Amino acid sequence: MRGLMDKIKNLVIYDADKEFYAKVFPDSVTKKDLLRLRIMTHADLPSVLEIERKNYHFPWEEDIFTDCFKAGYSCWVCELDGKVLGYSLLSMAVGEAHILNISVDPTEQKQGIGRKMLEHLIEFARGRAETIFLEVRPTNTAAIALYEDIGFNEIGIRKGYYPAENGREDAIMLALELF
Ligand SMILES: CC(C)(COP(=O)(O)OP(=O)(O)OC[C@H]1O[C@@H](n2cnc3c(N)ncnc32)[C@H](O)[C@@H]1OP(=O)(O)O)[C@@H](O)C(=O)NCCC(=O)NCCS
């Protein structure tokens with residue numbers, strides 16, 4: 001019976017609307033299955049800014065997000081039942097993709113949302129760029145663990161890149177080849 005359920009689940013999950021399936025067989029769909037990635041809009045900014053302020057000592061203000069929209073950067077939210085749980089932003093120029101921000105609501109962290117968004121950005125960049133870059137604070141052990149697990153390699157240090165309580169903090173630069 002279980003094998004049959006798994007088969008049906010795999011078939012239907014693959015081809016049908018997951019939310020509809022979740023209503024019919026609620027136990028067989030995980031929260032992760034129901035996460036949706038979609039393009040960020042201005043209407044998302046209140047939720048995005050709330051998460052941004054919870055996550056960072058030096059959060060981006062609204063104008064930075066709107067500048068990213070204007071610049072045509074790839075801006076995404078990850079949502080569940082219409083609630084924004086995380087977001088990610090990627091710029092692209094001459095064969096280089098750059099992750100500008102990736103952030104998950106603190107109450108929703110450690111459930112695979114960051115990994116899902118990062119994998120999505122990598123797939124989005126593949127075929128459009130040869131390398132994907134990002135910066136991270138050396139103290140951000142959770143993010144570094146995620147990036148290294150995905151396969152990013154350290155390529156250098158940017159001195160005094162981030163604002164910090166007592167002046168500036170260096171950034172570790174990481175890169176992943178996409179071919
Ligand atoms: C970094 C961040 C986006 C990760 O999102 P997340 O949804 O919590 O991460 P996931 O649940 O997908 O975890 C993926 C991997 O990251 C690593 N990881 C995540 N949180 C971790 C923690 N607290 N400690 C150690 N490793 C951690 C693990 O390797 C994990 O893999 P595992 O689940 O197989 O153990 C999230 O912690 C966050 O929003 N932090 C605040 C904002 C930020 O610092 N963004 C990055 C700026 S460079």
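Start by selecting β3 (83-93) and β4 (96-104), which pair in the antiparallel sense over eight bridges. Strands here are DSSP runs of E with at least two residues, helices are runs of H or I with at least four, and both are numbered from the N terminus; two strands pair if DSSP finds at least two bridges between them. Before you go on, note that this is a predicted model, in which local features need pLDDT of at least 70, side-chain atom pairs count only at pLDDT 80 or more, and totals for chains, interfaces and linings use all residues. Residues are numbered from 1 along each chain as its sequence is written.

Pick M92 and you will find A97 of β4 opposite. The hairpin of β3 and β4 has two residues between the strands, and V94 takes a positive phi near 30° there. C75 has L89 in β3 as its bridge partner. β2 and β3 also form a hairpin with two residues between them, and D81 in the turn has a positive phi of about 50°.

**Across to β5.** Next, select residues 131-136, strand β5. β4 and β5 run parallel, joined by four bridges, and H98 has F133 as its bridge partner in β5.

Which residues of β5 lie on its covered face? They are I132, L134 and V136, while T131, F133 and E135 are on the uncovered one. In a regular strand the side chains alternate between the two faces of the sheet. β5 also pairs with strand β7 (residues 167-177), in the antiparallel sense and over six bridges; look for L134 opposite L174 in β7.

**The core.** Now highlight V48, V77, C78, Y87 and M117, which touch the most other members of the largest nonpolar core, a set of 32 residues. Such a core consists of buried Ala, Val, Leu, Ile, Met, Phe, Trp, Tyr and Cys residues joined through C-beta atoms within 7 Å. A residue is buried if 20 or more other C-beta atoms lie within 10 Å of its own, exposed if 12 or fewer, and partly exposed in between, with C-beta atoms placed from the backbone.

Click on Q111, in the loop between β4 and α6. Is Q111 buried or partly exposed? Q111 is partly exposed, because 15 other C-beta atoms lie within 10 Å. Then find K31, 80 residues from Q111 in sequence but 9.1 Å away in space, C-alpha to C-alpha.

**The ligand.** Finish with the 19 residues around the ligand, of which Q109, G114, R115, A142 and L146 come nearest; being near means having a C-beta atom, placed from the backbone, within 6 Å of the molecule. Just after α7, G151 takes a positive phi of about 120°.
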